[in-house]
Amino acid sequence: MPHRNKASTKSEKQLKLILCWHMHQPDYRDYLTGEFVLPWTYLHAMKDYTDMAYHLELHPQAKAVVNFVPILVEQLQDYEQQFKSGQIRDALLKMLCREQLDALNDDERLHILDSCFKSNHTKMLQPYRAYQHLFDLQKMMEGRGRETVTYLSGQYFADLLVWYHLVWMGESVRRSSEVIARLMTKGSQFSYAERMELFTLIGELIADIIPRYRRLSERDQVEISTTPYNHPILPLLLDFNSARESEPDAPLPQAGYYPGGLRRAQAHLVKAIESHQRNFGKKPRGMWPSEGSVSRPTLKLLGEHGCKWTATGQAVLSHSLQRETNGRGLPEKSAYLYKPYLLEGVSKPVYCFFRDDHLSDRIGFEYAKWKGDDAAADFVHQIEEIYRNSNGEHDPVVSVILDGENAWEYYPYNGHYFLSELYARLEKHPFIRTTTFDECVREIEKHTAHFSVGKLKQVVSGSWVYGTFSTWIGSPDKNRGWDLLCEAKRSYDIVTNSGRLSEEEMRLATE
């Protein structure tokens with residue numbers, strides 16, 4: 001469906017707002033057994049990926065970018081196949097659909113107790129009396145020794161497994177599913193048949209996630225972007241010294257460099273593009289680099305692999321501009337932040353967008369404490385202030401980029417009222433137009449853009465976390481991790497170059 005709102009029919013200045021939701025879960029599979037060691041992929045699938053699609057479906061005039069890391073998509077497909085085959089390789093799901101829970105052994109009982117209270121208790125446990133009662137029973141027995149778990153009945157564990165999955169269910173599903181409404185009303189004494197109803201619903205939700213986002217993409221409401229395949233920090237694979245561009249005194253690993261880093265980085269990009277085309281029907285036009293990590297060699301590599309745009313944090317832009325001015329300081333961010341940039345001297349240009357850290361962090365960390373409609377009103381007000389403070393006739397381009405799954409468990413009702421009100425306000429706003437990175441790039445390419453494009457002589461390597469790589473390198477423990485990884489990579493190179501491995505052994509070694 002083509003995007004229309006009041007502003008799109010007018011010639012006066014608009015503000016282009018890009019909301020980019022980054023969907024990522026690391027690979028939780030044990031590659032030797034195929035078992036999922038943690039449940040976060042499927043829990044976020046049924047809670048957050050469902051809700052985020054629902055809000056966009058409910059507001060067809062609102063646009064957004066949704067970034068799917070390929071290794072997350074692969075795990076979702078893995079779960080889909082598990083449900084189809086009945087061969088479940090996730091401990092909690094396996095026990096949810098087990099008929100006789102009285103036969104659980106002590107390790108299985110302890111695993112359920114350890115797992116099924118992991119949530120935000122204020123928003124996801126305390127509002128539900130029956131779930132709170134299960135928690136109180138567990139606390140009462142805590143500290144009395146391992147053997148006490150044998151006194152808890154199979155029914156207790158059945159009820160606990162059901163409630164854990166009920167509170168991790170998306171708000172949109174709760175409001176539409178007869179099964180969820182019935183189970184939450186019943187509250188306890190769940191039967192095997194009821195557990196299987198819940199189990200079946202979870203499988204259906206997971207199987208429909210990628211098709212839902214693909215439909216949103218096909219009607220041009222959502223741009224789906226990707227990330228290097230296994231979520232590597234590309235600048236560090238390419239050159240450890242990139243860490244010193246933002247932190248000149250940072251200690252580096254003894255190894256000096258990651259062996260074969262360029263080949264590995266290229267492989268991550270190629271595999272990501274192939275995965276995206278297979279799952280979403282077309283190649284990605286842009287890429288959110290893992291943790292927003294960029295450097296000049298990284299941008300060059302992205303351009304060589306067909307990326308038209310990338311994005312990162314505001315601090316990377318600040319560091320880069322300060323380097324150009326020899327540290328003389330920067331003007332107000334309205335003078336430099338709200339536009340895409342091109343890095344000079346790169347043969348295949350990649351437009352780089354920089355997020356507004358303040359606005360992004362308000363959604364990620366602050367608005368969970370507010371009433372939903374007040375938070376949405378405040379966000380729109382801040383966007384309006386950016387518009388009013390913008391100079392000249394150029395349209396400001398505001399990028400708001402954050403995780404699309406982790407914030408919502410801290411919001412009442414999984415952010416339902418905030419997101420509903422936010423999209424509703426943006427749909428009908430007179431001069432704020434939601435758009436995508438790709439739409440902005442296409443406007444530039446067609447020479448129809450009403451916004452300016454900045455030029456960067458250089459980019460200071462960094463990430464969206466402080467504009468540095470300090471989260472991943474530069475301390476003794478992190479550097480030791482890199483040294484071990486480099487040692488493993490050299491061993492891998494020796495063995496795989498020997499020609500003695502079968503195709504399957506090569507695949508396993510690479511994973």
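User: Which residues line the second largest cavity?

Analyst: Rolling a probe the size of a water molecule over the atoms shows where empty space is left. In this predicted model, the second largest cavity is lined by Phe 68, Pro 70, Val 73, Thr 226, Ala 272, Ser 275, His 276, Asn 279 and Phe 280. The space inside that cavity is about 30 Å³. Its lining comprises five nonpolar, four polar and no charged residues.

User: Which helix supplies the largest share of the lining of the second largest cavity?

Analyst: That is helix 12, with five residues. Helix 2 (70-85) and helix 12 (261-280) each supply at least two residues of this lining.

User: Let us turn to pockets. What is the volume of the largest pocket, and which residues lie nearest its centre?

Analyst: A pocket, unlike a cavity, is open. The largest pocket has a volume of about 690 Å³. It is lined by 23 residues, and those nearest its centre are Asn 230, Arg 264, His 268, Thr 510 and Glu 511. Two or more lining residues come from each of helix 2, helix 12, helix 19 (476-496) and helix 20 (503-510). Helix 19 contributes the most, namely five residues. By type, the lining of the largest pocket divides into 13 nonpolar, four polar and six charged residues.

User: What is the volume of the second largest pocket, and how do its lining residues divide?

Analyst: The second largest pocket has a volume of about 490 Å³. It is lined by 20 residues, with Phe 365, Leu 402, Asp 403, Asn 406 and Trp 464 closest to its centre. Helix 15 (357-366) and strand 8 (397-403) are the elements that give two or more residues to this lining, and helix 15 gives the most, with five. The lining is made up of eight nonpolar, six polar and six charged residues.

User: Which residues have the most contacts inside the largest nonpolar core?

Analyst: In soluble globular proteins, nonpolar side chains tend to be buried together. Here the largest nonpolar core has 139 residues, and Trp 21 and Tyr 213 have the most contacts inside it. Apart from that core lies another, of 17 residues, including Val 65, Trp 288, Ala 311 and Val 397.

User: How many aromatic pairs are found in the whole structure?

Analyst: A search of the whole structure finds 27 aromatic pairs. Phe 36 and Tyr 79 form one that is tilted, at 4.3 Å centre to centre with 35° between the planes. Both Phe 36 and Tyr 79 are buried.

User: Why does the pair of Phe 353 and Phe 437 tie together parts that are 84 residues apart in sequence?

Analyst: The pair of Phe 353 and Phe 437 is tilted, at 4.8 Å centre to centre and 50° between the planes. It ties those parts together because Phe 353 lies in strand 7 (residues 351-354), whereas Phe 437 lies in helix 18 (residues 437-445). Phe 353 and Phe 437 are both buried.

Note on methods
Residues are numbered from 1 along each chain as its sequence is written. This is a predicted model: local features need pLDDT of at least 70, side-chain atom pairs count only at pLDDT 80 or more; totals for chains, interfaces and linings use all residues. Side-chain values use heavy atoms; hydrogens and water are left out. On a 1 Å grid over the protein atoms alone, a cavity is a set of points where a 1.4 Å probe fits but cannot get out, and a pocket is an open set with protein on both sides within 12 Å along at least five of seven lines; lining residues have an atom within 4 Å of a point. Grid points are joined across faces, edges and corners, and a volume is the space filled by probe spheres set on the points. Helices (H or I, at least four residues) and strands (E, at least two) are DSSP runs, numbered from the N terminus. Ala, Val, Leu, Ile, Met, Phe, Trp, Tyr, Cys and Pro count as nonpolar, Asp, Glu, Lys and Arg as charged, and the others, Gly among them, as polar. A nonpolar core is a set of buried Ala, Val, Leu, Ile, Met, Phe, Trp, Tyr and Cys residues joined through side-chain atoms within 4.5 Å. Buried means under 20% relative accessible area, exposed over 50%, partly exposed in between (1.4 Å probe, protein chains only). Rings of Phe, Tyr and Trp (its six-membered ring) pair if their centres lie within 6.5 Å; planes under 30 degrees apart count as stacked, over 60 as edge-to-face and the rest as tilted.
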